[in-house]
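Here's a quick briefing to read with the viewer open. It starts with the overall fold and surface, then moves on to charged pairs and a couple of individual residues.

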Amino acid sequence: MIKKLLSGLIWVLLANLLVKPFWILGIEVGVQNAVGIEQYGFYIDIFNLAYIFNILLDIGVTNFNTRNIAQHPQLISQHLPSILGIKLALLGLYGVVTLSVGLLSGYGSREFWLLLLLCFNQFLNSLILYLRSNFEGLLLFEWDSLLSVLDRVLMIVICGALLWLPHGHAFTIQYFVYAQTAAYLLAVSIALGLLWSKVGFSMPRLRPTFTLAILRRSLPFALLVLLMASYNRIDPILLNRLLPATSAHQQAGIYAGAFRLLDALTMVAYLVSVPLLPVYARLCAQLKDEPRAAQMQIGHTTRIVFSLMMVFAIAAAATCTHLAPQLMSLLYHDHAQSYASVFRILVLGIVPISITYVFGTLLTAHGSLRQLNCLACITLMINVVANLCLIPRLGAVGSAWASLAAQSFMAASQLLLAMRIFNIRPSARYILKMTLYALLIVSIVGASHLAWWIEVALAVVVSLALSWLLGVVNPKELISILKEK
């Protein structure tokens, strides 16, 4: 099972590391520079509204489906047409709720049209994620890795043409949204074709009894996703609401620009969690029949994944904090110092976010949704209260501190909960190794004063060397697992 996980990680990380950095640092940064900070802040405000309510497009069905298909792969042909019918029905619910909130927020015709398009894009993106969950549940990680970047590859082609090829018109934020719509439509069509060729399925249909059963079982997943989306994405919305109109869009734009690089870095943690969920789900299904063997496998898997994640996360946090001014100046034409002040705080969140992706995935696979939802609710309250206190005085910097505090609470709580449920007990030697690794990488990176690209390369080399010398990661163990038949 762990061989499946490691091979899946290689596929999905390779595909995304080839595509996502160019998308985020080339296209998204290019769009923000082309339209300006205030127009991008205007877009982010509307995008986050559409994003927060996108749980209504799924109601937890995708996470439930990944876990369910991983444990019962023979059910895929029966479930797929009915769940597609549910997804289409949920589009109506999502549209009504999100557009109503837009109207109540006082959106004019321009804002409302953009919100309408973004709602449709969110539906298409949700549909792609659901279709991918079937490949994940079947442990077909090669196909999932292809689909994970397909929409971005198409957007790069379309947006790149609009940004850099002469066409006689200035690039606008509407062009960016139209490009997303076209790319998502093509990606959905290809994903449906691939899935049909693998398992075959009939036309979507809505069965009331099946729908109620699925929604009843997936609602706890839905609540968790809603709460996590809220505490992860609410900061720019609060910035736009709590600051004067003269500075609100600018501060939201600065936060969004600084958050973008953190989003790119945490994509690694998210990608690790994609194959991790079905693997954990199968191991958790074995707890009833072979509790001791399954628990040992879970502990072994968690140790390997956690070690790899922390080696990356700690090195990335140390390097980006040290290089914040250079990185922000490289990405943005104006307000580089303001971006750097926010990014220096936000990027520390990669460590708790990575911890959350490991232990949150394990707890989700186990079905500990009630505890996770309670923790997510508390985390959201921490974030909102901290933002209410800090934004009026510190603006985007205050919002960054609020986000870091909330993420740290969630990570610590999930770590302790998983240790209690699965009896995970890291040795004192392992804790000492990890602590020593963190102290050394922070000291070495912080003491260097070279060109940014040399420092990034140095951080990569030093982190790999330290993790091997200290025994945090054992390359021989990883190679032997991959060689297993």
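Helices here are DSSP runs of H or I with at least four residues, numbered from the N terminus. With that in hand: α17 gives the most to the nonpolar patch, at seven residues. Keep in mind that this is a predicted model. The mean pLDDT of the chain is 86, and 96% of its residues reach 70 or more.

**Overall fold**

- The chain has 18 helices and zero strands. Its radius of gyration is 22 Å, close to the 23 Å that the globule rule gives for 485 residues, so the chain is as compact as a globular protein of that length.
- The C-alpha trace spans about 60 × 60 × 45 Å along its principal axes.
- Of the 485 residues in the chain, 55% are buried.
- Take the contacts with a separation of 6 or more: 85% of them come from residues 24 or more positions apart.

**Surface**

- The accessible surface of the chain comes to about 20700 Å², and 69% of that belongs to carbon and sulfur atoms.
- There's a nonpolar surface patch of about 1000 Å², with Leu-330, Leu-436, Trp-452, Trp-453 and Leu-464 among its residues. The elements giving two or more residues to this patch are α16 (428-447) and α17 (452-469).
- Leu-330, one of the patch residues, sits in helix α11 (residues 324-331).

**Salt bridges**

- A search of the whole structure turns up six salt bridges.
- Asp-45 pairs with Arg-241, the closest N and O atoms being 3.7 Å apart. This pair links distant parts of the chain, with Asp-45 in helix α2 (residues 37-52) and Arg-241 in helix α8, 196 residues apart.
- Lys-87 forms a salt bridge with Asp-58, with the closest N and O atoms 3.1 Å apart. Here Lys-87 is in helix α4 (residues 76-104) and Asp-58 is in the loop between α2 and α3 (61-71), 29 residues apart. Both Lys-87 and Asp-58 are buried.
- Asp-144 and Arg-132 meet through their side chains in a salt bridge of 2.8 Å, N to O. Asp-144 belongs to helix α6 (residues 141-164) and Arg-132 to helix α5 (residues 109-137), twelve residues apart. Both Asp-144 and Arg-132 are buried.
- Salt bridges that share partners join Arg-132, Glu-136 and Asp-144 into one network.

- Thr-364 lies in helix α13 (residues 350-366). Its relative accessible area is 10%, so Thr-364 is buried, the cut-off being under 20%. Leaving aside neighbours within four places in sequence, Thr-364 is in contact with Arg-67, Phe-221, Leu-224, Leu-277, Leu-369 and Leu-372.
- Ala-229 is in helix α8 (residues 208-242), and at 9% relative accessibility Ala-229 counts as buried too. Not counting residues up to four places away in sequence, Ala-229 touches Tyr-51, Ile-52 and Ile-234.
- For a distance check, the C-alpha atoms of Ala-229 and His-72 are separated by 28 Å, and the two residues are 157 apart along the chain.

Technical notes:
Residues numbered from 1 in each chain as written. Predicted model: local features only at pLDDT ≥ 70, side-chain atom pairs only at ≥ 80, totals over all residues. Heavy atoms only, no water. Buried < 20%, exposed > 50% of the residue type's maximum accessible area, 1.4 Å probe, protein only. Contact = heavy atoms within 4.5 Å. Patch = residues over 30% accessible without salt bridge, like charges linked within 9 Å, V, L, I, M, F, W, Y side chains within 5 Å. Areas by Shrake-Rupley, 256 points an atom, 1.4 Å probe, with all protein chains shown as cover. Salt bridge = Lys/Arg side-chain N within 4 Å of Asp/Glu carboxyl O. pLDDT = per-residue confidence, 0-100. Rg over C-alpha atoms; globule rule 2.2 N^0.38 Å.
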